[in-house]
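Good morning, colleagues. Please look at the model on the screen while I go through its sheet, its helices and its loops.

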Amino acid sequence: MSEPRTLKIDIWSDVMCPWCLVGWGNLRQALDQLDGKIAASVRWHVFELNPDMPAGGEERTAHIARKYGRTLEQSRGVQTRMQRAAEEAGVSLEYEGVDPAPPAMMWNTFLAHQLLLWARETGGGARQTDLKLALFAAHFNQRRNIGERDVLLDIAETTGFDREAAAAALDGQEFAERVRAEERAAWDFNITGVPAMIVDDRFMIPGAQPAETYVNVLRKVAGQSDRSQPE
């Protein structure tokens with residue numbers, strides 16, 4: 001069997017974003033459907049859904065209602081639809097910890113993005129993805145405060161990163177400046193919502209798409225890339 005064609009996929013995403021996790025699940029399903037013919041080299045990029053979120057956070061149902069001008073009942077309905085989409089994508093937005101469940105909160109994610117950029121530089125895209133998925137799980141399934149420095153360091157450490165090095169990345173200015181630079185770059189790419197995926201620097205897929213859409217796009221880009229190779 002020949003080696004799979006590896007495509008670079010850059011994903012703009014926020015850890016607070018349920019549709020980002022749904023999009024990831026559908027992308028993984030697409031890669032499974034491609035049966036080893038196409039593989040992905042993934043890098044995660046910065047997008048803050050709520051850059052002005054205070055340190056104390058905001059309860060999720062109230063946040064959705066306030067931000068999008070909906071009633072609390074409508075906000076609960078939106079979350080139910082998200083949960084169904086997540087189930088179909090093979091991922092979970094459900095709380096999986098012990099009762100009583102803590103409130104579902106939205107947090108400021110600036111520090112989380114610093115940590116993710118540091119993880120990419122330190123361990124590459126695959127290790128960054130490990131951390132990204134651990135942060136998704138911490139937020140949605142465990143309802144931990146991932147805006148808090150010590151929580152982030154605990155997650156980094158349990159994901160296999162050096163805690164002291166991670167702390168230095170959070171406490172210094174280098175990766176804070178990189179977060180701001182990546183946010184400016186997102187605007188330059190006209191990325192105003194997430195998830196947003198760019199495949200091989202040439203084709204953008206906006207929003208959380210069905211697995212079949214990702215299959216079709218990946219096949220198309222892989223075919224174009226193959227035709228561009230010299231004989």
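Two strands are said to pair if DSSP finds at least two bridges between them. Helices (H or I, at least four residues) and strands (E, at least two) are DSSP runs, numbered from the N terminus. This is a predicted model, in which local features need pLDDT of at least 70 and side-chain atom pairs count only at pLDDT 80 or more, while totals for chains, interfaces and linings use all residues. Residues are numbered from 1 along each chain as its sequence is written, and side-chain values use heavy atoms, with hydrogens and water left out.

I begin with the sheet. Four strands make up an open sheet with mixed pairing, in the order β2-β1-β5-β6. At its edges are β2 (38-46) and β6, each of which pairs on one side only. On average, neighbouring strands of this sheet are turned by 25° against each other, direction ignored; axes here are lines fitted to C-alpha atoms, for helices over the stretch in contact, and angles run from 0 to 180 degrees between N-to-C directions.

Strand β1 (residues 5-13) and β2 run parallel and are joined by nine bridges. Within that pair, T6 stands opposite A39 in β2. Strand β5 (residues 196-199) and strand β6 (residues 203-206), by contrast, run antiparallel, with four bridges between them. Here A196 faces P206 of β6. Which residue in the hairpin of β5 and β6 takes a positive phi? It is D200, with a value near 50°, and the hairpin has three residues between the strands.

For contact, the criterion is heavy atoms within 4.5 Å. Helix α7 (residues 174-188) packs on the sheet and touches β1 and β2, its direction making about 110° with that of β2. The axes of α4 and α7 come within 9 Å and cross at roughly 100°. These two helices are therefore roughly perpendicular to each other; by convention, angles under 35 degrees count as roughly parallel, over 145 as roughly antiparallel, 65 to 115 as roughly perpendicular and the rest as oblique. Their contact involves, among others, F110, H113, L117 and W118 of α4, together with F175, A176, V179 and E182 of α7.

The axes of helix α1 (residues 18-33) and α4 come within 11 Å, crossing at roughly 130°. The pair α1 and α4 is therefore oblique.

I turn to the interior. A nonpolar core is a set of buried Ala, Val, Leu, Ile, Met, Phe, Trp, Tyr and Cys residues joined through side-chain atoms within 4.5 Å. Buried means under 20% relative accessible area, exposed over 50%, and partly exposed in between (1.4 Å probe, protein chains only). How many residues does the largest nonpolar core have? It has 72, and L27, I146 and L218 are those with the most contacts inside it. Helix α4 (residues 110-141) supplies the largest share of this core, 12 residues. Apart from its neighbours within four places in sequence, L218 is in contact with L7, I9, L27, L31, L34, I38 and V199.

Helix α5 (residues 149-158) has the buried residues V151, L152, L153, I155 and A156. Those buried residues pack against α4 and α6 (163-171). Just after α5, G160 takes a positive phi of about 105°.

Finally, some backbone details in the loops. Where are the cis peptide bonds placed? One runs from D99 to P100, with omega near 0°, and P100 lies in the loop between α3 (72-89) and β4 (105-106). Another joins V194 and P195, with omega of about 5°; P195 belongs to the loop between α7 and β5.

Positive phi values also occur in residues other than glycine. D35, in the loop between α1 and β2, has a positive phi of about 55°. R143, in the loop between α4 and α5, has a phi near 55°. With a relative accessible area of 24%, R143 is partly exposed.
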